Amino acid sequence: MKGKNFGGNAQMQQMMRQAEEMKKQLDRAKEDLAETLIESSSGGGMVTVEMSGAYELLNIKIKPEAVDPDDVEMMEDLVIAAINEALSQVTKLRDETLPL
């Protein structure tokens, strides 16, 4: 019976090695994504945001001509639209890159 059990242990060890390699590949893919820069804009480029592939908002650029003190609500909408588009792009990239 020990012989049968030994064969099972070898298979288990091989499966563990494969799982470990898959985890390393996934970790590398996540690191690569974190270093990927996504840029999105709204209002014809009036507001631009930069986000990492790890969903970290890195930068917001607003062109001076986009700033209207009498219409702050429009500026807020442009910022939200640019951020949401960047989030959508990062999600799409992650879905295409990462398994699961």
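Is arginine 28 buried, partly exposed or exposed, and what is its relative accessibility? In this predicted model, arginine 28 counts as partly exposed, because its relative accessibility is 43%, which lies between the limits of 20% for buried and 50% for exposed residues.

**Salt bridges**

Side chains of opposite charge can pair when their charged atoms come close.

| Acidic residue | Basic residue | N to O distance |
| Glutamate 21 | Arginine 28 | 3.6 Å |
| Aspartate 27 | Lysine 23 | 2.9 Å |
| Glutamate 50 | Lysine 61 | 3.7 Å |

The partner of arginine 28 in its salt bridge is glutamate 21, and glutamate 21 counts as partly exposed because its relative accessibility is 35%.

Aspartate 27 and lysine 23 both belong to helix α1, which covers residues 2-35, and because they are 4 residues apart in that helix, about one helical turn separates them. Aspartate 27 has a relative accessible area of 30%, so this residue is partly exposed.

The salt bridge between glutamate 50 and lysine 61 has an N to O distance of 3.7 Å. Because glutamate 50 lies in strand β2 (residues 47-52) and lysine 61 in strand β3, this pair ties together parts that are 11 residues apart in sequence. With a relative accessible area of 15%, glutamate 50 is buried, whereas lysine 61, with a relative accessible area of 44%, is partly exposed.

**Patches on the surface**

A patch of negative charge is found on the surface, where Asp68, Asp70, Asp71, Glu73, Glu76 and Asp77 gather. One of these residues, aspartate 68, sits in the loop between β3 (57-62) and α2 (72-97), and since its relative accessibility is 34%, aspartate 68 counts as partly exposed.

A nonpolar patch on the surface is formed by Leu57, Ile60, Ile62 and Val67, which together have about 310 Å² of accessible area. Leucine 57, one of its members, has its place in strand β3, and because the relative accessible area of leucine 57 is 39%, this residue is partly exposed.

**Helix α2**

How far apart are the end C-alpha atoms of α2, and what span should its 26 residues have? At 1.5 Å a residue the helix should span 38 Å, and the end C-alpha atoms are 38 Å apart, which agrees with that expectation.

Tyrosine 55 has its place in the loop between β2 and β3, and its phi angle is near 65°, which is a positive value in a residue other than glycine. Because its relative accessibility is 36%, tyrosine 55 counts as partly exposed. Although tyrosine 55 and threonine 91 are 36 residues apart in sequence, their C-alpha atoms are 8.5 Å apart in space.

Methionine 16 lies in helix α1, and because its relative accessibility is 53%, methionine 16 counts as exposed. Along the chain, methionine 16 and valine 90 are 74 residues apart, and their C-alpha atoms are separated by 31 Å.

Methods: Residues numbered from 1 in each chain as written. Predicted model: local features only at pLDDT ≥ 70, side-chain atom pairs only at ≥ 80, totals over all residues. Heavy atoms only, no water. Patch = residues over 30% accessible without salt bridge, like charges linked within 9 Å, V, L, I, M, F, W, Y side chains within 5 Å. Areas by Shrake-Rupley, 256 points an atom, 1.4 Å probe, with all protein chains shown as cover. Salt bridge = Lys/Arg side-chain N within 4 Å of Asp/Glu carboxyl O. Lys, Arg positive; Asp, Glu negative; His and termini not counted. Charge placed at Lys NZ, Arg CZ, Asp CG, Glu CD. Helix = DSSP H or I, 4+ residues; strand = E, 2+ residues; numbered from the N terminus. Buried < 20%, exposed > 50% of the residue type's maximum accessible area, 1.4 Å probe, protein only. Expected span 1.5 Å × (residues − 1).
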